[in-house]
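I opened my notebook for a look through this model. Here is what I looked up, entry by entry.

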Amino acid sequence: MQMQAATTTTAAAARRLAPPQASRCRAVPSTLSVAGRCRRGRARSVRASASIDQEVKERAPSPAAGKSTQTTRRDVRNIAIVAHVDHGKTTLVDSMLRQAKVFRDNQVVQERIMDSNDLERERGITILSKNTSITYKGTKINIIDTPGHSDFGGEVERVLNMVEGVLLVVDSVEGPMPQTRFVLKKALEFGHAVVVVVNKIDRPTARPEFVVNSTFELFIELNATDEQCDFQTVYASGIKGKAGLSPENLGDDLGPLFEAILRCIPEPRIQKDGAMQLLVSNTEYDEHKGRIAIGRLHAGELQRGMEVKVCTPDDACRMCKISELFVYQNFSRVPVETVSAGDICAVCGINDIMIGETIADKVSGTPLPTIKIEEPTVRMSFSINTSPFVGKEGKYVTSRNLRDRLYRELERNLAMKVEDGETADTFLVSGRGTLHLTILIENMRREGFEFMIGPPKVINKTVDGKLQEPYEIAAVEVPEEYMGSVVELLGKRRGQMVDMQPSGPEGTTLLKYKIPTRGLIGLRNAVLTASRGTAILNTIFDSYGPWAGDLSSRDQGSLVAYEDGSTTSYALLNAQERGILFVSPGQDVYKGQIVGIHQRPGDLAINVCKKKAATNVRSNKETTVVLDEALSYSLDDCIEFIQEDELVEVTPASIRMCKNPKISKKNR
């Protein structure tokens, strides 16, 4: 399939070096700062390869004139694997670990071994960045598996300073998606080398040429340098554990991928004799060892029992002592006595260490620049549970418990912010998106917390006296027969179409919209309903823009319980004529609880606890009650459903929705 490129893109591409026909690496002396820069796979132009090679030689950079103490470590490579969600990063890491003989031949290993968190395995997504390492031909390869969802972009941003290059995994059918653009942009800003892995090449509808061309265009749009545009392409099937330099000729294993990593990812440049510096990029907690700081040692040497100072660019330093030291070897942490610069390690003994701080030499060490994370765009209110059922299912119910837990989250989650609310029992939590906050809520309820959350609200800005709100790029893959309904739905939410093009040979269309973040709240379920579950929605933050005006995200009201009690079949039979119910017979409800969706705009108070009157008149036959199946909403669904005057009650055993009593009183 030929891709139509914009005039400006074509002009920009003409200024770049057209990739050669064969996938191979440019021979560069090891002293160059860009050692191991690689070429991409397929050609995008008809230039002769001879003239291209001549142009490469003319543009080759001169050797770096770094400090005399600056050297490279030939025995280490540090890489991060980045991609859009569901493009196969974690599955690819599984195959890399197996082929590197990390596990015994008779060892039972679960799928997606890097997704060790319960929520990650349940949802099938990566939420937290994780470290591992393998050894290939005597070279240690430190690997960081990163999340693919845009809401967890902060996890990607803070680990990129630990690596020299990235594997950009792209689906062989979908091609570059919104999160692909985000992670690639961050990698290019760091100046990292990029190896593009076209994954899932064994899919019947794979279109590798289109994917590689689209990826190259993305490099151009992101103002990549000539060296970065000259990337290596590897074609792989992560689930089968095969890779090759051409889609038609895959090897029997991932050997070509490992060779590309050694050949194309630069060796770490270090100051072996310099003052010790380690920037903390991640933290973990162990019941026995306490807080564990993880980062890459940029200079010097770190030893167990060594006295160090912990500092930031703008704060006073404090003295600490390293109690234990670990490096990553295969799939575990291994204790060591000494770590040399260029390697990634874990440090114990500093219980108050924070992400972004620098562990430095106690005499001459200086702090490294702290980690910068993009600002959050969505805010939600967390407050104590005030329903009649408070304390029945949870363990932690007080505002002090809630406050301590939320502020403890900030120690690891740099993309999140917590502020005190209008009252002592209310807190405002800001994040990258509703999923970012939903994961926190789900973790808290599993820990035994009871609390209430308000509807998500976007974080607006005022620039030059004008109100601005966040906009996102929404990419929707939808079958052609449902495209009209989806386009109408996005138009109602103030979305502006940016692009529309066919997506593969399955008769699907890819729609790209620029839409206010407000319009995305509740959009996922609406798109699935309009397309009968066939559409795929992906979003990524774009920029702040002018206020788009008022928009309505829900046309139907709520059915609200009229009194406290237990629901009965008799009452629900009449109530279901008013809309769709959330409750079944025998459930305890309270006054103000949302028990269903009203079929018309506006709320309606109904009695779902009414019992059939007992009389002394015997009937010959009992009336058979046929009830519709109750609608079951997940936590994500509830958060998208509630309106301004509604709350979600979260407990370890239940998720309920109710009217906000404070707002209800104001409206009376």
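This is a predicted model: local features need pLDDT of at least 70, side-chain atom pairs count only at pLDDT 80 or more; totals for chains, interfaces and linings use all residues.

**Entry 1: a helix and its cover.** I listed the buried residues of H10 and got Asn401, Leu402, Arg405, Leu406 and Glu409. Next I looked down the axis of H10: the buried residues fall within an arc of 120°, so they line one face of the helix. That pattern is a friendly reminder of a general point: an α-helix has 3.6 residues a turn, so residues three or four places apart point the same way.

Then I asked myself what covers the buried residues of H10. The cover includes helix H11 (434–446) along with strands E20 (378–384), E21 (417–420), E22 (426–431) and E23 (451–453).

**Entry 2: two helices crossing.** I turned to helix H3 (residues 89–99) and helix H9 (residues 255–264), which pack with their axes 11 Å apart at an angle of about 95°. An angle of 65 to 115 degrees counts as roughly perpendicular, and H3 and H9 are therefore roughly perpendicular to each other. Which residues meet here? From H3 I noted Leu92, Met96 and Gln99, and from H9 Leu257, Phe258 and Ile261. I sorted the contact of H3 with H9 by class and found 5 nonpolar residues, 1 polar and no charged ones.

**Entry 3: a sheet of strands.** I traced an open sheet of 4 strands, in the order E32-E34-E30-E35, and its pairing is mixed. Strand E32 (579–581) and strand E35 (604–606) are the edges, each pairing on one side only. From one strand to the next, the twist averages 30°. I followed E32 to its partner, strand E34 (residues 594–598): the two pair in the antiparallel sense over 3 bridges. Isoleucine 580 stands opposite isoleucine 597 in E34.

**Entry 4: two threonines.** Is threonine 139 buried or exposed? This residue is found in strand E4 (residues 139–145). Buried means under 20% relative accessible area, so threonine 139, at 9% relative accessibility, counts as buried. Not counting residues up to four places away in sequence, threonine 139 touches Arg74, Asp75, Val76, Arg77, Ile134 and Leu262.

Threonine 338 is in strand E17 (residues 338–340). With 39% relative accessibility, threonine 338 counts as partly exposed. Leaving aside neighbours within four places in sequence, I found threonine 338 in contact with Glu301, Leu302, Gln303 and Leu325. I also checked threonine 338 against arginine 304: they are 34 residues apart in sequence and 6.5 Å apart in space, C-alpha to C-alpha.

Definitions and conventions:
Residues are numbered from 1 along each chain as its sequence is written. Side-chain values use heavy atoms; hydrogens and water are left out. Axes are lines fitted to C-alpha atoms, for helices over the stretch in contact, and angles run from 0 to 180 degrees between N-to-C directions. Angles under 35 degrees count as roughly parallel, over 145 as roughly antiparallel, 65 to 115 as roughly perpendicular and the rest as oblique. Contact means heavy atoms within 4.5 Å. Ala, Val, Leu, Ile, Met, Phe, Trp, Tyr, Cys and Pro count as nonpolar, Asp, Glu, Lys and Arg as charged, and the others, Gly among them, as polar. Two strands pair if DSSP finds at least two bridges between them. Buried means under 20% relative accessible area, exposed over 50%, partly exposed in between (1.4 Å probe, protein chains only). The arc is that of the directions from the helix axis to the C-beta atoms.
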